[in-house]
Amino acid sequence: MSKPINVFSEIGKLKTVMLHRPGKELENLMPDYLERLLFDDIPFLEQAQKEHDNFAEVLQKKGVEVVYLEDLVAESLTNEEIRIQFIDQYLSEAGIGSHAVKEKIKEMLTAIKDERELVDKTIAGIQKAEMPEYNVESLTDMMESDYPFIIDPMPNLYFTRDNFATMGNGVSLNHMYSVTRQRETIYGQYIFDYHPRFAGKEVPKVYDRNNTTRIEGGDELVLSKDVLAVGLSQRTEAASIEKLAKNIFEQELGFNCVLAFNIGEYRKFMHLDTVFTMIDYDKFTIHPEIEGALEVYSITPKGNGELKITREEDTLEHILAKYLNLDSVQLIRCGDGNITAAAREQWNDGSNTLTIAPGEVIVYDRNTVTNKALERAGVKLNYIPGSELVRGRGGPRCMSMPLYREDLTK
Ligand SMILES: NC(=O)NCCC[C@H](N)C(=O)O
């Protein structure tokens, strides 16, 4: 593996994938703050961990190397200077109003000598109840609110798909839609700047977390070595797609076209991969609710640094076939044609498959109607239970970040 990242498709045999095992951050979810933290319910941590461990095991049994974000970040803190810099950056983005509180928390975090323990603590968040005694002097300190956290947890981190995205040999370090998820991108920054696996290696950056417009990895799909698809969604805006496209063409990552899929701004399908995934050379899942209204724009380089943007006036099948140089493609519908089953199973990530080799995917077992349709289409399914994991509104693709896929041979 000369280059540490190699992702020129959605379907090439998966060799290395990054996950995050859900931890104590899920126990810091409370009903009053679920919406702000982008959750719909509170998963039972022990069961969620069992389901997640099983997901990792299924991947490993298929020969996939599983690495964990929390280990990579810990291994990136290679010396004291980087460790302190990490703590300072984490605290500067943690939304702490009081200087005295910030200093106390800094003392607390600096005292944690084990890097993994430190990283886990930053993910879990800090309750007011854990706060050591300190002198209350400033007005900010005196105006203590009922809010129970000094630092919010990061419960969405097990959706490793979103805070950065791999494409070609490069990475898009994202600027997220919500404050709660923007903090997650600090981890990607440290991994790519300092982890021995990536630091000093050829990893072009095609998007930066300091950009002001938002983009998330669930919207970034690699359809082929030539074509990317990017969702225009609740989470990703048009300006970001243009910036990403310009960077990709300028840095010559190999891609010569970006297809922007306008799926509208809805919570229930916040990213393109909640309604559309690629599972074989010519097979895709699709949620029927977006199919009719879907607008697709092709973005190609003009050659002078500018972009040529064209609205594609054809069916999705024809557009995909045209850009993937195929005679035809097959769309496999979530809910298998029944609108109630489609809505229910999309909500539970029935369209969110993780492809581990052409025509072979990992799916939640609960989406029985969609899974039958996939089987009928000749797709090989590996089932995982996810009753607790799904409460965060994400499926197997959302919970995984491919770092290396074998290149396709045809
Ligand atoms: N790619 C994805 O669709 N990821 C799922 C993200 C779910 C998370 N609760 C969120 O709202 O961001």
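This is a predicted model: local features need pLDDT of at least 70, side-chain atom pairs count only at pLDDT 80 or more; totals for chains, interfaces and linings use all residues.

I began with the neighbours of C398: leaving out residues up to four places away in sequence, C398 touches F159, R161, G218, D273 and N352. Contact here means that the C-beta atoms of two residues, placed from the backbone, lie within 7 Å.

Residues are numbered from 1 along each chain as its sequence is written.

Next I checked the record for C398. The unreviewed UniProt entry annotates C398 as "active site"; such annotations may be inferred rather than shown by experiment, and positions follow the numbering used here, with feature names shortened.

Is C398 buried or exposed? C398 is buried because 26 other C-beta atoms lie within 10 Å (20 or more count as buried, 12 or fewer as exposed, and in between as partly exposed, with C-beta atoms placed from the backbone).

I then found C398 in the loop between strand 18 (380-384) and strand 19 (401-405). Strands (E, at least two residues) and helices (H or I, at least four) are DSSP runs numbered from the N terminus.

Last, I turned to the domains. The assignment, automatic or from a database, gives domain 1 (14-69 + 155-405) and domain 2 (72-151). Their centres, taken over C-alpha atoms, are 31 Å apart. I noted 16 residues of domain 1 in contact with 15 residues of domain 2. On the domain 1 side, strand 2 (65-68) and helix 8 (185-194) each give two or more residues, and helix 8 gives the most, with 5 residues.
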